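Here are some notes to read alongside the model, written for someone opening it for the first time. Have it on screen and follow the points in order.

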Amino acid sequence: MGLTFAQYVVQPFFLNCDTPVYSVRLIAALSICFLTFINCYDVKETSKMQNVFMFAKIGALMIIIIAGLIWLCIGHKENFENSFENTNTDPGKIAVAFYSGIFSYSGWNYLNFMTEELKNPYVNLPRAIYISLPLVTFIYVMANVAYLTVLTPTAMMASNAIAVTFGNQLLGYMAWIIPVMVAVSAFGGLSVHIMTSSRMCFVGARNGHFPSMLSHINMTRVTPMPALIFLCILSLIMLCTGDIFVLITYCSIVESFFIMISVAGILWLRYKRPNMKRPIKIPLWIPILFVALCAFLVIVPCYQRPYEVGMGILITVSGIPAYVFGVAWKSKPLWFQKVNIKATHAIQKLFLSAKEELEIN
């Protein structure tokens, strides 16, 4: 998300040449650090900021959709003629192509990380997903129709920032609106990722799957500051590559695998514990279909993108020694426990953080 934002910031200044890789990485790093600070400072102000970014994103997409549909209605249909000619039906390439789409729609599962901070989550969480997914799908499909109306598939593939190319070709002197609004929306999307993903580290630490220091919250700002800083450091490390699509493939392979395992676990529990309390219920065919699709996305690309799949497996496997050492090994030596306690105390002092106090009714 940081690289996407940076591309839209830099691209207007390098219309006829490649964008400088290190400039894009530097802007991405600065934006990640700045938004980490904002999320550490105040959750409520961050939530208000998200609303502004959301309207900017929808506004940019609506401009693109309306401009594209007007261009289509006045007779520019040439890009849709023989549109499925020479289509590649290789299952591996289809699966890899889905990864970019999955990344665009991946916001649906990040809301689950914020369940503890939602009001009446068993009602509002499904409602948010049911409303947002069809709406986002419709808007994104129409945006792609608009893109294809103005740009050829070759031009779309050659562009690092499609909306900028679209605006330059169609909107004339008003083209600057698109990169500004899209950059703002990408900036907001990055903020959402930082806010929600940090909660996963925070709750994981609370359950003993991460160092306990990550389960602490700042005593004045009431934000999971250690988890946010930890996530920021990981994100900066991932900027070692500036190729957005490589990062998307790495992320999507790992994410699809773990989502597949998680949903398969739900099916297993439905079989083993049919009478378990389930506040949110869905028809059984939905998780079955979901697991099958995830299996397709994980298994089929193995021969199409062996390097990316191998890196995804390496990232996943790297968690095994961390789990064995950090979670499964209970009888750690005394010297290690002392070092861990000192490190935890140092983090507490540095971030003015402590364990949250649970309310007991």
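1. A quick definition before we start: a residue is called buried under 20% relative accessible area, exposed over 50%, and partly exposed in between. Keep in mind, too, that this is a predicted model.

2. Staying with α3, look at how it packs on α6. The axes of α3 (residues 43-73) and α6 (residues 121-150) come within 8 Å and cross at roughly 45 degrees. That angle makes α3 oblique to α6. As for handedness, the α3 and α6 crossing is left-handed.

3. Which residues make that contact? On the α3 side you'll find Lys57, Leu61, Ile64, Ile65, Gly68, Leu69, Trp71 and Leu72, and they meet Ile139, Tyr140, Met142, Ala143, Ala146, Tyr147, Thr149 and Val150 of α6. Sorted by class, the contact of α3 with α6 has 13 nonpolar residues, two polar and one charged.

4. Now compare another pair of helices, α8 and α9. Helix α8 (residues 162-170) and helix α9 (residues 177-206) have axes that come within 8 Å and cross at roughly 160 degrees. With angles over 145 degrees counted as roughly antiparallel, α8 is roughly antiparallel to α9. Their crossing is right-handed.

5. The α8 residues in this contact are Ala163, Val164 and Gly167, and they meet Ile178, Pro179 and Val182 of α9. Here the classes come out as five nonpolar, one polar and no charged residues.

6. Setting aside residues up to four places away in sequence, Ala163 touches Tyr8, Ile64, Tyr147, Ile178 and Val182. It also turns up in the largest nonpolar core, which has 55 residues: Leu3, Tyr8, Ile64, Ala163 and Phe166 are the ones touching the most other members. Helix α9 supplies the largest share of this core, 10 residues. There is a second, separate core of six residues, with Ile65, Ile139, Tyr140 and Met142 among them.

7. Is Thr36 buried or exposed? Thr36 belongs to helix α2 (residues 21-41), and with a relative accessible area of 3% it is buried. Apart from neighbours within four places in sequence, its contacts are Ile194, Leu228, Ile229 and Cys232.

8. For a contrast, go to Trp268 in helix α11 (residues 244-272). Trp268 has 51% relative accessibility, so it counts as exposed. Between Trp268 and Pro12 there are 51 Å, C-alpha to C-alpha, and the pair is 256 residues apart in sequence.

9. Val222 is in the loop between β1 (216-218) and α10 (225-238), and its phi is near 55 degrees, a positive value in a residue other than glycine. Val222 is exposed, at 53% relative accessible area. Leu352, in the loop between α15 (334-351) and β2 (353-355), has a positive phi as well, near 50 degrees. Leu352 counts as partly exposed, at 45% relative accessibility.

Conventions:
Residues numbered from 1 in each chain as written. Predicted model: local features only at pLDDT ≥ 70, side-chain atom pairs only at ≥ 80, totals over all residues. Heavy atoms only, no water. Axes fitted to C-alpha atoms, helices over the stretch in contact; angles between N-to-C directions. Helix = DSSP H or I, 4+ residues; strand = E, 2+ residues; numbered from the N terminus. Parallel < 35°, antiparallel > 145°, perpendicular 65-115°, else oblique. Left-handed = near helix turned anticlockwise from the far one by under 90°. Contact = heavy atoms within 4.5 Å. Nonpolar A, V, L, I, M, F, W, Y, C, P; charged D, E, K, R; others polar. Core = buried A, V, L, I, M, F, W, Y, C linked by side-chain atoms within 4.5 Å. Buried < 20%, exposed > 50% of the residue type's maximum accessible area, 1.4 Å probe, protein only.
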